[in-house]
Amino acid sequence: MAAKSGRNGLLDKWKIDDKPVKIDKWDGSAVKNSLDDSAKKVLLEKYKYVENFRLIDGRLIICTISCLFAIVALIWDYLHPFPESKPVLAFCVVSYPLQILSQLYQKEKSIFLVAHRKDPAGMDPDDIWQLSSSLKRFDDKYTLKLTFISGKTKQQREAEFTKSIAKFFDNNGTLVMEAYEPEVSKLHDSLALERKTK
Amino acid sequence: GWPRSGGTRGRTAMDLFGDLRRMNKRQLYYQVLNFAMIVSSALMIWKGLIVVTGSESPIVVVLSGSMEPAFHRGDLLFLTNFHDDPIRAGEIVVFKVEGRDIPIVHRVIKVHEKGNGNIKFLTKGDNNEVDDRGLYKEGQNWLEKKDVVGRARGFLPYVGMVTIIMNDYPKFKYALLAVMGAYVLLKRES
């Protein structure tokens, strides 16, 4: 096989998706992020679900609009110095926190993955899997919750586990997938199994 | 031996890039957006204060000792500038001289008021020997309402020294902003 072009090679070196995850074990948010990411990986790669970006895109769009409002306020104020800019400024300033609030309300649920399982026959609507998690500050107990919403019956089922993060990370801060992946799969299979017996 | 092996509490530069390298396009955009949101929030809070107080500069720092013992260099002043506030002799106002950026905090010592509400007033720093006519524009002897930035409604002593230091040593200010900006851009939120 011919050698990759220089640019592709650099990009490959930059992405470290396939290397084992290594983080600072004392950094709570890094621990939670890596556990969340790995749970995502299990659902997307092992079970081949398709990620639905609508939730995330919605948040990104709201934030971008908020920033646009701020930029508009800045430029308007620059062109028409205060006090002529008062109404425009007032409008932007009031709408800005409203957008932040709507975004915080969404974030409350702490769902970090929405994925679809496409029906292989192509007839029924997709099943939806949602992942959310929590890890309290300075605590070692990580809770992962998996929610299954059937495409056909619209029924919702959930399962969760709470384990100490010490079970999944080794002394150096490397995530041990051999310990974590079975837990996530067990969670998934417990919900998938119920579906089959119904 | 001690139980803590390997990484210590501090994050190295490669750790920070490690987070970035694992991110997809959306997450990278979110990092940039996060930074923009912080800047926008600060901006909106400032503009909000401007709207609510009616003053173009609601928070100012006292730069000189010309109003001692009432205000000292480094004091932070909170201003309002409501249209109907009367200007009376003896009150402290913050004003800008036409053509100059820097607001001045001095006391009103003389006021001429017409029936229709037009006002001409003269100011002087408590700690100064002479009135401010030397500071006004060439040929200008009086200040008018449009020159007023606001009146002090509250103050915090010493807090403004940070601003003075950052203005005297701009490199320090840029270094601080650069470090804070880099931290927000590189650190991943959960």
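Modeller: I start with chain B, where UniProt, in an unreviewed entry, annotates "domain: Peptidase S24/S26A/S26B/S26C" over residues 50-135. UniProt positions follow the numbering used here, feature names are shortened, and annotations may be inferred rather than shown by experiment. This is a predicted model, where local features need pLDDT of at least 70, side-chain atom pairs count only at pLDDT 80 or more, and totals for chains, interfaces and linings use all residues. Residues are numbered from 1 along each chain as its sequence is written, chains are lettered from A and ligands numbered from 1 in the order written, and side-chain values use heavy atoms, leaving out hydrogens and water.

Residues 50-135 of chain B are 5% helix and 33% strand. In the loop between β1 (59-61) and β2 (76-80) of chain B sits Pro69(B). The peptide bond that joins Glu68(B) to Pro69(B) is cis, with omega near 0°.

Now the whole of chain B. It has four helices and six strands. Their order along the sequence is α-α-β-β-β-β-β-β-α-α. Of its 190 residues, 36% count as buried. Buried means under 20% relative accessible area, exposed over 50%, and partly exposed in between (1.4 Å probe, protein chains only). Among contacts in chain B with a separation of 6 or more, 55% join residues 24 or more positions apart. A contact means heavy atoms within 4.5 Å. Chain B exposes about 11500 Å², and carbon and sulfur atoms supply 61% of that. These areas come from the Shrake-Rupley method with a 1.4 Å probe; for residues, only the protein chains shown count as cover.

Gly181(B), Val184(B) and Leu186(B) are buried in α4(B).

Leu185(B) also belongs to α4 of chain B. It is partly exposed, at 31% relative accessible area. Setting aside neighbours within four places in sequence, Leu185(B) is in contact with Leu20(B), Gln31(B), Val32(B) and Phe35(B). Leu185(B) and Ile119(B) are 66 residues apart along the chain, and their C-alpha atoms are separated by 51 Å.

Turn to chain A. It holds five helices and five strands, in the order α-α-β-α-α-β-β-β-β-α. Of its 198 residues, 40% count as buried. Chain A is divided into domain 1 (28-52 + 112-194) and domain 2 (56-107). Those bounds come from an automatic or database domain assignment. The C-alpha centres of the two domains lie 35 Å apart. A "transmembrane region" is placed by UniProt (unreviewed entry) at residues 56-76 of chain A. This span is 100% helix and 0% strand, and its end C-alpha atoms lie 30 Å apart.

The largest nonpolar core has 31 residues. Such a core is a set of buried Ala, Val, Leu, Ile, Met, Phe, Trp, Tyr and Cys residues joined through side-chain atoms within 4.5 Å. Among those with the most contacts inside it are Leu43(A), Trp129(A) and Phe169(A). α2(A) gives the most to this core, with six residues. Leu43(A) touches Lys48(A), Tyr49(A), Leu113(A), Trp129(A), Leu131(A), Leu146(A) and His188(A), not counting residues up to four places away in sequence. Apart from this core lies another, of 15 residues, including Leu89(A), Val93(A), Met37(B) and Met44(B).

Finally, two loop residues. Lys48(A), between α2 and β1 (50-51) of chain A, has phi near 60°, a positive value in a residue other than glycine. Lys48(A) is exposed, at 64% relative accessible area. Lys154(A), between β4 and β5 of chain A, also has a positive phi of about 60°. Lys154(A) counts as exposed, at 60% relative accessibility.
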